[in-house]
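Open the structure and keep it in view as you read. The tour begins with the whole chain and then moves to single parts.

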Amino acid sequence: MSSLNAKIQDVFNEPACENNRGKDAEARKKGCSKPLTPGAAAGGCAFDGAKIVLQPITDVAHLVHAPLACEGNSWDNRGTASSGPTLWRTSFTTDLTELDVMMGQGERKLFKAIREIKEAYAPPAIFVYSTCVTALIGDDIEAVCKRAAEKFDLPVVPVNAPGFVGSKNLGNKLAGEALLDHVIGTAEPDDAGPYDINILGEFNLSGEFWLVKPLLDRLGIRVRASIPGDARYLDVASAHRARATMIVCSTALINLARKMEQRWDIPFFEGSFYGITDTSEALRQISRLLMKKGADPEILGRTEALIAEEEAIAWKKLAAYRPRLEGKRVLLNTGGVKSWSVVHALMEIGIEIVGTSVKKSTPEDKERIKKILKDENHMFEAMAPRELYAMLSKHEADIMLSGGRTQFIALKAKVPWLDINQERHQPYAGYDGMVELVRQIDLAIHNPIWRQVREPPPWECQLVAEDEPSSTKSETATVQGFKKFAGTTADDFGEC
């Protein structure tokens, strides 16, 4: 645990984080992790954060050293996609029982599980995750992994991020530390070139990075490693030979980017592939960094030509949606890079942002939002479900974009909702992804179901007083419809 404590303190003291640099020494030791949510099954602990970052390395066997529930709650909680291997979709766990814990059989069972995976699947590597139970009983997964690697001639990587040490975000960073300590730099590519880059914090949700990669291919830029989205173990192991790095989500892996720059002189920048302007700027930044690292300066001209061509196509497609969406109001309840990049993307086509959550955003993200919206009142750290419902039920927004956890608030308020987080089924990155996002918003807002569900039901109709003039007793369309359904007369229900 002493080595883990030292690693956590090192992660907390992140010099690449502007917010961290502004703290005093005492505040820096505390880090920026929020307290865990009692009873949270997924999404709130360091183990879950580590699994999120590493599981999309698709040809690796991911072995969770824990009781069964830890693997059950963490498996398949991101909609990532693979263009090849499917081993990452197989669930591996040592499935510790109370008897294993009491009899001290944890390490023996872990070693046996590694051997069985090696013999049955022959993966290029095995990642072993510690959890609360195995850390508390003192199982030394690093020693077991080292012995197994020697015995089976196979990389066995310990991921020491038990859930109780901190939040999901801390787990993201501890996963990056595991890659630095045991994976990156362990393989030398035989085809390194001046146009190789790394993409960090890109999870290939719904395969959306596949909308961006063809743009890089057309520029002759090769993605040496995309960590973690659709990654391969050997690509990650040789990532130290890239010439530049783009961080898509700095909240998760800024420590990995900084230390790769420190060790292997790989410059990095933070960018976004959401929206037309941000996608274009990301391509420009990549080209500039490559040129500074020795690439031919003509790449800048090719990049501008590609951007001009793709933007013209995208804007032509979006023109059809502008009259239907201009002035529509969107409430964005998400975080991280989407809290500012999606805001910028939607404002480009005339959509009004009535609020955006910054609960998972860095101080840098918040500054970007302030510049884009020019009004801090549209930012909220967290909004209780009742507050979200009150805002939506008053029709202060025409649609809400959020994750699946808050979809039922919008549906209860009879307001259109669109999934923008990891569970979604549509890719929104790049130029084509932006067109798809706008298309989905248009479909959601103009779906005729919303007009129907907002009509008052027949049982809410008010009975007409007996002495009211008969001229006011004309049947309404709602009552007529209900009369046909129930076989009753309008007088049985009164008038709406």
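In this protein, residues 24 or more positions apart account for 71% of the contacts with a separation of 6 or more. Contact here means heavy atoms within 4.5 Å. The model is predicted: local features need pLDDT of at least 70, side-chain atom pairs count only at pLDDT 80 or more, and totals for chains, interfaces and linings use all residues. Residues are numbered from 1 along each chain as its sequence is written, and side-chain values use heavy atoms, with hydrogens and water left out.

The protein has 23 helices and 13 strands. Helices (H or I, at least four residues) and strands (E, at least two) are DSSP runs, numbered from the N terminus. Of the 496 residues, 51% count as buried. Buried means under 20% relative accessible area, exposed means over 50%, and partly exposed is in between (1.4 Å probe, protein chains only).

Now find the sheet. It is open, and its 5 strands run in the order S11-S10-S9-S12-S13 with parallel pairing. Two strands pair if DSSP finds at least two bridges between them. Strands of a sheet pair through backbone hydrogen bonds, either parallel or antiparallel. Which strands stand at the edges? They are S11 (379-380) and S13 (417-419); each has a single partner strand, so one side of each is left without a neighbour in the sheet.

Look next at S9. This strand (residues 329-333) pairs with S12 (residues 399-402) in the parallel sense over 4 bridges. S9 also pairs with S10 in the parallel sense, over 4 bridges. Take Leu332: its bridge partner in S12 is Leu401, and its bridge partner in S10 is Thr356. Val330 has Ile399 as its bridge partner in S12. S9 is mostly covered, with 4 of its 5 residues buried.

S9 and S12 bridge in parallel. Helix H19 (residues 385-393) packs on the sheet and touches S9, S10 (352-357) and S12. The direction of H19 makes about 170° with that of S9. Helix H21 (residues 430-445) also packs on the sheet, touching S12 and S13, and its direction makes about 135° with that of S12. Axes are lines fitted to C-alpha atoms, for helices over the stretch in contact, and angles run from 0 to 180 degrees between N-to-C directions.

Two helices also pack on each other. H14 (residues 276-292) and H15 (residues 298-318) meet at an angle of about 170°, with their axes 10 Å apart. They are therefore roughly antiparallel (angles under 35 degrees count as roughly parallel, over 145 as roughly antiparallel, 65 to 115 as roughly perpendicular and the rest as oblique). The contact includes Leu283 and Met291 of H14, and Leu300 and Trp315 of H15.

Finally, turn to the rings. Rings of Phe, Tyr and Trp (its six-membered ring) pair if their centres lie within 6.5 Å; planes under 30 degrees apart count as stacked, over 60 as edge-to-face and the rest as tilted. By this rule there are 5 aromatic pairs. One of them joins Phe92 and Tyr121, edge-to-face, at 5.2 Å centre to centre and 85° between the planes. Phe92 lies in strand S2 (residues 92-93) and Tyr121 in helix H7 (residues 106-121), so the pair ties together parts that are 29 residues apart in sequence. Phe92 is buried, at 9% relative accessible area, while Tyr121 is partly exposed, at 43%. Phe111 and Phe152 form a tilted pair, 5.3 Å centre to centre with 35° between the planes. Both are buried.
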